[in-house]
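Please look at the sequence and the model before reading on.

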Amino acid sequence: SCNLGTCGVANWPSTQTGGLGVNAVGQNYAIRFTAPGLLPTDSFPPFNVNFGAVSQLRIEKQPFGFRLGVPFKGQPVIALLDKAGNLVPASDSQVIAELRVNDQCCYPPSVAVGTSQGLATFVGYAVNEIPAFAIAPGRPAARFKIKFSSPSIAGQFSIDSVEFALATDPVRLQVVQEP
C-alpha cells in the first residue's frame with residue numbers, strides 16, 4: 001500500500017483478483033483518478049476495449065413447443081460471449097445441439113449451426129426419435145434437455161436448455177383382421 005505523500009503511486013490488485021479494470025467493449029475510454037485535496041486526472045490517451053475470445057454460451061431464446069418429429073415452435077438462439085460477458089460478434093464458430101434424456105448425454109442426431117454476429121440461430125430443429133428406454137412401459141416419464149456446446153470454447157463448457165416433455169401423436173390402433 002502506498003501513502004500518497006511519500007510515493008505518489010497507487011497500486012491495484014490484478015484484474016484477475018477483482019482489481020481495476022474495464023470489461024465492457026467500447027471506444028475512447030478514459031479512467032478518472034481522484035483523491036481528496038487533488039485535482040482529478042484522466043488517463044491519456046483514450047483507449048479502446050475489444051471483445052475477448054469466446055469462453056461461454058448464453059441461451060438468448062429458450063426452445064419451446066416440443067412435439068416429436070416436428071420442428072420446435074420456438075427455435076433456440078445461443079450467444080457466444082467472452083469472459084466478461086460481451087457478445088463476440090466476429091466469432092467464426094459453431095454451436096452444437098444434442099439431446100439429453102434423464103441427464104444422460106447425448107443422443108443423435110447432433111446438429112451444428114454456424115454463428116452470425118455472435119449468435120447461433122437454430123432453424124427447423126426437431127427431435128425425430130428418442131431412445132427406447134425413454135418410452136419403456138412402467139418407467140417414469142423421460143426428462144429431456146438440449147445440451148449446447150461449441151468447439152471454439154476451451155475445455156468442456158456446455159449449457160442446457162430448460163427441461164421439457166415431448167408430445168407425441170396419439171397412437172391409433174386398427175384391427176386388420178378380427179379373431
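The text below goes through these topics in turn.

The model is predicted, so local features need pLDDT of at least 70 and side-chain atom pairs count only at pLDDT 80 or more, while totals for chains, interfaces and linings use all residues. Residues are numbered from 1 along each chain as its sequence is written, and side-chain values use heavy atoms, with hydrogens and water left out.

The structure has eight aromatic pairs (rings of Phe, Tyr and Trp, the last by its six-membered ring, with centres within 6.5 Å). F66 and F72 make an edge-to-face pair (planes over 60 degrees apart), with 4.8 Å centre to centre and 80° between the planes.

S149 lies in strand β10, residues 144-149 (strands are DSSP runs of E, at least two residues). S149 counts as buried because its relative accessibility is 14%. Beyond its neighbours within four places in sequence, S149 has contacts (heavy atoms within 4.5 Å) with residues including L57, Q94 and F157.

A cavity is a set of points on a 1 Å grid over the protein atoms alone where a 1.4 Å probe fits but cannot get out; lining residues have an atom within 4 Å of a point. There is one cavity of 30 Å³ or more.

| Largest cavity | Value |
|---|---|
| Space | about 50 Å³ |
| Lining from strand β8 (residues 104-114) | three residues |

How values were computed. Rings of Phe, Tyr and Trp (its six-membered ring) pair if their centres lie within 6.5 Å; planes under 30 degrees apart count as stacked, over 60 as edge-to-face and the rest as tilted. Helices (H or I, at least four residues) and strands (E, at least two) are DSSP runs, numbered from the N terminus. Buried means under 20% relative accessible area, exposed over 50%, partly exposed in between (1.4 Å probe, protein chains only). On a 1 Å grid over the protein atoms alone, a cavity is a set of points where a 1.4 Å probe fits but cannot get out, and a pocket is an open set with protein on both sides within 12 Å along at least five of seven lines; lining residues have an atom within 4 Å of a point. Grid points are joined across faces, edges and corners, and a volume is the space filled by probe spheres set on the points.
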